[in-house]
Amino acid sequence: MRIGMALNYSGGFKETVAELADYEKAGLDIVFVAEAYSFDAVSQLGYIAARTERLQIASGILPIYSRTPALLAMTAAGLDYVSDGRFTLGIGASGPQVIEGFHGVPYTAPLGRTREVIEICRKVWRRERLEYSGKHYTLPLEGGTGLGKPLKLINHPVRERVPIVIAAIGPKNVELAAELAEGWEPIFYMPEKAGEVWGPSLAAGRERRDPALGELDVIAQAVLAIGDDVEGVLELGRSMAALYIGGMGAKGRNFYNDLARRYGYEKEAEQIQDLYLEGRKKEAEALVPRELLERVSLVGSEGHVRERLAALRESGVTTLNVAPMAPTHEERVKLIEKIKDMAA
């Protein structure tokens with residue numbers, strides 16, 4: 001099982017990157033850089049590529065609506081070049097609040113657009129002349145000046161297929177990831193419920209999967225704290241869980257709320273959303289089920305964490321994206337060393 005870590009996009013970037021060398025030595029395999037409505041991820045990934053040697057780097061995620069498919073392909077090829085073949089392109093649809101609110105782009109056809117983006121990216125990386133006729137993208141553009149030409153990438157990419165990871169939790173999006181992508185990254189991954197919630201979608205996608213893609217890399221996220229006095233760390237996850245379940249989308253258009261319901265927390269999901277949208281955030285946080293926090297985390301004694309690792313592995317997880325929680329950098333590095341050894 002690979003061990004990954006996501007960088008915090010809310011501040012302290014240079015300080016965190018300066019510490020990455022220690023994490024790299026401790027056995028960290030891959031680092032993910034998010035792009036919400038913060039600084040862009042691409043400039044930061046380039047910086048990380050220059051400051052590391054072995055560490056894989058990944059966008060986690062670049063929204064498909066904020067760049068053209070060709071620019072996504074160019075960016076991925078460029079990051080793969082400056083990192084000597086260490087880049088993974090993580091993409092996702094994000095949500096209408098960010099896409100329409102921040103980017104001013106209509107949030108339409110996320111499934112169809114994702115499929116076409118992937119097909120176009122792979123044509124670019126193969127250095128084919130870019131001609132594409134899809135439902136959402138037509139290259140060269142029809143209409144306009146009429147002067148568009150079917151061009152191909154000038155540079156020769158390090159690899160003709162940069163790995164693609166799709167962040168997805170909805171049934172159809174997960175099916176698409178299992179069919180077309182090298183990796184799939186869900187959020188709030190609960191191994192006990194994964195088969196029930198996502199099993200049919202993964203099976204349907206894998207039936208159409210090109211064998212050349214290899215086995216699907218399943219990337220789970222988890223807060224990490226090991227010890228006999230770390231139970232309080234679980235409580236730190238309440239605010240994030242309440243934000244996603246309650247506030248990341250309107251009524252009927254919150255994918256994370258839907259996931260909580262599919263996990264069996266229908267009543268709690270509804271109450272959390274109502275309270276959060278009313279501005280009663282602390283009350284919403286208090287209603288996040290402790291069982292949910294426990295099952296999506298790696299927090300507890302070493303024996304407990306080993307049990308959770310076994311459950312994750314048995315459910316099909318191949319990359320574990322952890323957030324090490326400890327007071328000092330040295331202790332966080334030791335956590336990475338520990339989990340790397342336990343997951344071997």
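Q: Before anything else, what does contact mean here?
A: Contact means heavy atoms within 4.5 Å. The model itself is predicted.

Q: OK, then what is Trp-184 in contact with, leaving aside its neighbours within four places in sequence?
A: Its contacts include Val-165, Ile-166, Ala-168, Tyr-189, Trp-198, Leu-202 and Ile-219.

Q: Which residues have the most contacts inside the largest nonpolar core?
A: Trp-184 is one of them, and the others include Leu-20, Leu-89, Trp-125 and Trp-198. That core has 102 residues.

Q: And what does the second, separate core include?
A: Ile-30, Phe-32, Ala-58 and Ile-219 are among its five residues.

Q: Ile-30 and Phe-32 are in strand β2, then. Which way do they point?
A: Those two point one way from β2 (residues 30-33), while Val-31 and Val-33 point the other way. All four are buried. In a regular strand, side chains alternate between the two faces of the sheet.

Q: What pairs with β2?
A: Strand β1 (residues 2-7) pairs with β2 in the parallel sense over four bridges, and Met-5 stands opposite Val-31. Strand β3 (residues 56-59) also pairs with β2 in the parallel sense, over four bridges. There, Ser-59 is the bridge partner of Val-33.

Q: Which helix goes with β2 and β3?
A: Helix α2 (residues 41-51); together with β2 and β3 it makes a right-handed β-α-β unit.

Q: Switching to helix α3. What length should it span?
A: Helix α3 (residues 69-82) has 14 residues, so at 1.5 Å a residue it should span 20 Å. Its end C-alpha atoms are 20 Å apart, which agrees.

Q: Which of its residues are buried?
A: Among them are Pro-69, Leu-72, Ala-73, Ala-76 and Leu-79. What covers the buried residues of α3 includes α2, β4, β5 and α5.

Q: Is Asp-84 buried or exposed?
A: Asp-84 counts as exposed because its relative accessibility is 68%, and the cut-off for exposed is over 50%.

Q: Where is Ser-94, and what is its phi?
A: Ser-94 sits in the loop between β5 and α4, with a positive phi near 60 degrees. Its relative accessible area is 26%, so Ser-94 is partly exposed.

Q: Last one: which peptide bonds are cis?
A: One joins Gly-60 and Ile-61, with omega about 15 degrees. Another runs from Leu-139 to Pro-140, with omega near -5 degrees. Most peptide bonds are trans.

Note on methods: Residues are numbered from 1 along each chain as its sequence is written. This is a predicted model: local features need pLDDT of at least 70, side-chain atom pairs count only at pLDDT 80 or more; totals for chains, interfaces and linings use all residues. Side-chain values use heavy atoms; hydrogens and water are left out. A nonpolar core is a set of buried Ala, Val, Leu, Ile, Met, Phe, Trp, Tyr and Cys residues joined through side-chain atoms within 4.5 Å. Buried means under 20% relative accessible area, exposed over 50%, partly exposed in between (1.4 Å probe, protein chains only). Two strands pair if DSSP finds at least two bridges between them. A crossover is right-handed if, with the strands pointing away from the viewer, the path from the first strand over the helix to the second runs clockwise. The expected span of a helix is 1.5 Å times one less than its number of residues.
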